[in-house]
Amino acid sequence: AHSRGVLHRDVKPSNVMVGPFGEVYLLDWGIALELDEVKRDEAERSDELAGTSAYMAPEQLEGDDRLLGPWTDTYLLGATMFHMLTGRPPHHKRTLEERVGELLEGAPAPAVPEHVPVELRRLVAATLAVEPSQRTQTPAEVREAIEAYLRHRAANRLADRGDREAALAEDAREESGAAEVERHAQAADVAYRAALDEWAECPQARAGVERVAALRVEHALARGEPHVAARLVEASDVELPAALRERVGRAMEAASANEARLRQIVTDADRGLGHRARGLLGGVFGLAWVVFWSAMAFWPPETVTPLLVFNGAFVLAGVVFAKRFAADIFKNRINRTSAAVVISGAVVGMVWILGAGLRGLDMPSLFGGWLLVMGLAGASMATLMDPWGTVSAAGYCLAFLAASYEPRWTPWAVLGGNVVLILNQLILNWARGKLGFVRPPSVRPGTSAATDGRRER
């Protein structure tokens, strides 16, 4: 009709008849308008409103035939499709006067309900634009759009299924566990990608893939799993929002700092770290310690000078050797504490020896007090570093009681306390060297799981 210069002006469901063989007739051409008529002189034209108010295009309400064209029948086709999809015309129960009033007030175009598939909703909305210049211009374009929709219908249905699954995934973030979220997110992603296989340009599916990718990353961040979020961003084949990528970056920085802190805690608690260096130093210095003090107990010197000199040399040598093995000794807190306890014990021993000399105590009393100082040093070791230091502390304390009970037993008490010390250290170092140390929990990037095991010797 348009190709012959004729506008129908009253397209609506009641004017469409479908025959028994599928043939379609458009009825009631009573108010049809020849396009040539709009070129008539103003005196020869009619300004009467013609059409059905529930379907009429906005330009029909202005009573100026010069505003009409193929786009007018396009609006009527869109209004007919709106009725087919919703069960009512777009301007249901609106009189001509009401329609004209709405037009003057700038009323928007009728909104197509959300339950209508997205592509079809856009198709109908394009035919119902208020401004003719923004509307689908010809019925031929409408037909092409409908045919495209029919071709894309399978893809759109898949995309709709993806939307439903994505909505369930978002709801599950608040109500269910991670497994439920991932199940719905995977189902949505599969549906969207199947839609893209059917129609590579499907905008709904493309937006859906991005939506699911962002949802997964958001969920990982909400669960405190920045490494999972980072892997999802890295593996994503869609461009995620810059703000979300920045959040993942900040979360990774915080996680890395926390893991570094945890690794330091684990390192500080690792008794096997520097075990060989501790054993070597303990053997050398322990043997020298036992031999010297046992000899001094059996053959006491005239003054405290040799005792002070040995203790000073012992402390100085300990500092020198500790620096030599600093890479192993000072790598963690336990070793640093151990070295500090040994050196501080020797220093306190020097203070006791000096004080005993100044007070003029005899050698049995000096050695008796020295045993108590060593017992306290062993107790400090047991408390701060190694529970087995309790054995050494107990040995020195018993030796102190024995020397206090019978001063004549002092040399043997000193020898006994020192023997307990050296045997305790040798047995522990040998046993740990054979059996290995129980490893503290390991810290792995992206996990909070702790694993126990034996340190390789």
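User: Is the crossing of α6 and α7 left-handed or right-handed?
Analyst: This is a predicted model, in which local features need pLDDT of at least 70, side-chain atom pairs count only at pLDDT 80 or more, and totals for chains, interfaces and linings use all residues. Residues are numbered from 1 along each chain as its sequence is written, and side-chain values rest on heavy atoms, with hydrogens and water left out. A crossing is left-handed if the near helix is turned anticlockwise from the far one by less than a right angle, and right-handed if clockwise. With helices taken as DSSP runs (H or I, at least four residues; strands are E, at least two), numbered from the N terminus, the crossing of α6 and α7 is left-handed.

User: How are α6 and α7 directed relative to each other?
Analyst: The axes of α6 (residues 203-222) and α7 (residues 226-235) come within 7 Å and cross at roughly 165°. Axes are lines fitted to C-alpha atoms, for helices over the stretch in contact, and angles run from 0 to 180 degrees between N-to-C directions. Angles under 35 degrees count as roughly parallel, over 145 as roughly antiparallel, 65 to 115 as roughly perpendicular and the rest as oblique. The two helices α6 and α7 are therefore roughly antiparallel.

User: How many nonpolar residues does the contact of α6 with α7 have?
Analyst: On the α6 side, the contact (heavy atoms within 4.5 Å) is made by R216, V217, A220 and L221, and on the α7 side by P226, V228, A229, L232 and V233. Ala, Val, Leu, Ile, Met, Phe, Trp, Tyr, Cys and Pro count as nonpolar, Asp, Glu, Lys and Arg as charged, and the others, Gly among them, as polar. The contact has no polar residues and 1 charged residue, and its nonpolar residues number 8.

User: How many charged residues are in the contact of α4 with α5?
Analyst: α4 and α5 pack at about 165° with their axes 8 Å apart, and they are therefore roughly antiparallel to each other. Their crossing is left-handed. The residues of the contact divide into 16 nonpolar and 2 polar, while the charged ones number 6.

User: Is D189 buried or exposed?
Analyst: D189 is found in helix α5 and touches V209 and V212, not counting residues up to four places away in sequence. Buried means under 20% relative accessible area, exposed over 50%, and partly exposed in between, with a 1.4 Å probe and protein chains only. At 14% relative accessibility, D189 therefore counts as buried.

User: Which helices do the buried residues of α3 pack against?
Analyst: Helix α3 (residues 118-127) is mostly covered, with 7 of its 10 residues buried. Those buried are V118, E119, L120, R121, L123, V124 and T127. They pack against α1 (70-86), α4 and α6.

User: What is the relative accessible area of R9?
Analyst: R9 lies in the loop between β1 (6-7) and β2 (16-18). It has a positive phi of about 75° although it is not a glycine. R9 is buried, because its relative accessible area is 10%.

User: Is K93 buried or exposed?
Analyst: K93 is found in the loop between α1 and α2 (96-104). Its phi is near 60°, a positive value in a residue other than glycine. At 68% relative accessibility, K93 counts as exposed.

User: How far apart in space are T390 and L376, C-alpha to C-alpha?
Analyst: T390 lies in helix α14 (residues 389-405) and is partly exposed, with a relative accessible area of 45%. T390 and L376 are 14 residues apart in sequence, and their C-alpha to C-alpha distance is 9.9 Å.
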